[in-house]
Amino acid sequence: MGEVNLVNRDENNVNDHIKVCFEDVLAEPDGSHSIDCVWKLSYCCFNCSKGCCYNLLAIFCGIPSALCWGFEFAIIAFYHIWYMTPCLRAYMINCGMMQKYFETCLRCCIGPVCETCGLFFSRITVKNG
């Protein structure tokens, strides 16, 4: 395992869709402006409440959530490694056998018919006018 990146915590941009700033949520169009101090205090309240609430939730729920998600992905990995991949491999082996079976049947039953039709229609000539 490598070190945890404490600067860029979303290196793969997994959560780009939830980047929300004050300007993305609240906006006053021209002609509908509040007093400047209300707008500034609203900006501070929004950012402080969002930051504090997120940090409190992260403190109390982050570690248990990470533990649960760790278990979840461990179970998924186990399931795929020990069940899904062997099942898929067995299915592919069986499909390969079925493919050979159907190929043999087609060559034996339909092959001669197609060959005969080809010989029959190869004798046809088309004359112009």
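A: Start with aspartate 10, which is buried and yet has no salt bridge. Its nearest side chain of opposite charge, lysine 19, is 5.8 Å away. Note that this is a predicted model: local features need pLDDT of at least 70, side-chain atom pairs count only at pLDDT 80 or more, and totals for chains, interfaces and linings use all residues. Residues are numbered from 1 along each chain as its sequence is written, and side-chain values use heavy atoms, with hydrogens and water left out.

Q: What do "buried", "opposite charge" and "salt bridge" stand for here?

A: Buried means under 20% relative accessible area, exposed over 50%, and partly exposed in between (1.4 Å probe, protein chains only). Lys and Arg count as positive, Asp and Glu as negative, while His and the chain ends are not counted. A salt bridge is a side-chain nitrogen of Lys or Arg within 4 Å of a carboxyl oxygen of Asp or Glu.

Q: Where is aspartate 10 placed, and which residues does aspartate 10 touch?

A: Elements are DSSP runs numbered from the N terminus: helices are H or I with at least four residues, strands E with at least two. Aspartate 10 belongs to the segment before α1. Contact means heavy atoms within 4.5 Å; not counting residues up to four places away in sequence, aspartate 10 touches Asn15 and Asp16.

Q: How many salt bridges does the structure hold?

A: Two. One joins aspartate 16 to lysine 19, with the closest N and O atoms 3.0 Å apart. Aspartate 16 is partly exposed at 37% relative accessibility, and lysine 19 is exposed at 58%. Another joins arginine 107 to glutamate 103, again with the closest N and O atoms 3.0 Å apart.

Q: Why are arginine 107 and glutamate 103 separated by about one helical turn?

A: Because they are four residues apart in helix α2. Arginine 107 is exposed at 60% relative accessibility, whereas glutamate 103 is partly exposed at 35%.

Q: Which residues form a nonpolar patch on the surface?

A: Patches are made of residues with over 30% relative accessible area and no salt bridge; like charges are joined within 9 Å, and nonpolar side chains (Val, Leu, Ile, Met, Phe, Trp, Tyr) within 5 Å. Here Phe120, Phe121, Ile124 and Val126 form one, with about 500 Å² of accessible area together. Such areas come from the Shrake-Rupley method with a 1.4 Å probe, and for residues only the protein chains shown count as cover. Valine 126 sits in the segment after α2 (36-122) and is exposed, at 78% relative accessibility.

Q: How should I read separation along the chain against separation in space?

A: Take C-alpha distances. Cysteine 21 and tyrosine 43 are 22 residues apart in sequence and 9.6 Å apart in space. Valine 113 and alanine 77 are 36 residues apart along the chain, and their C-alpha atoms are separated by 51 Å. Cysteine 21 is in the segment before α1, while valine 113 is in helix α2.
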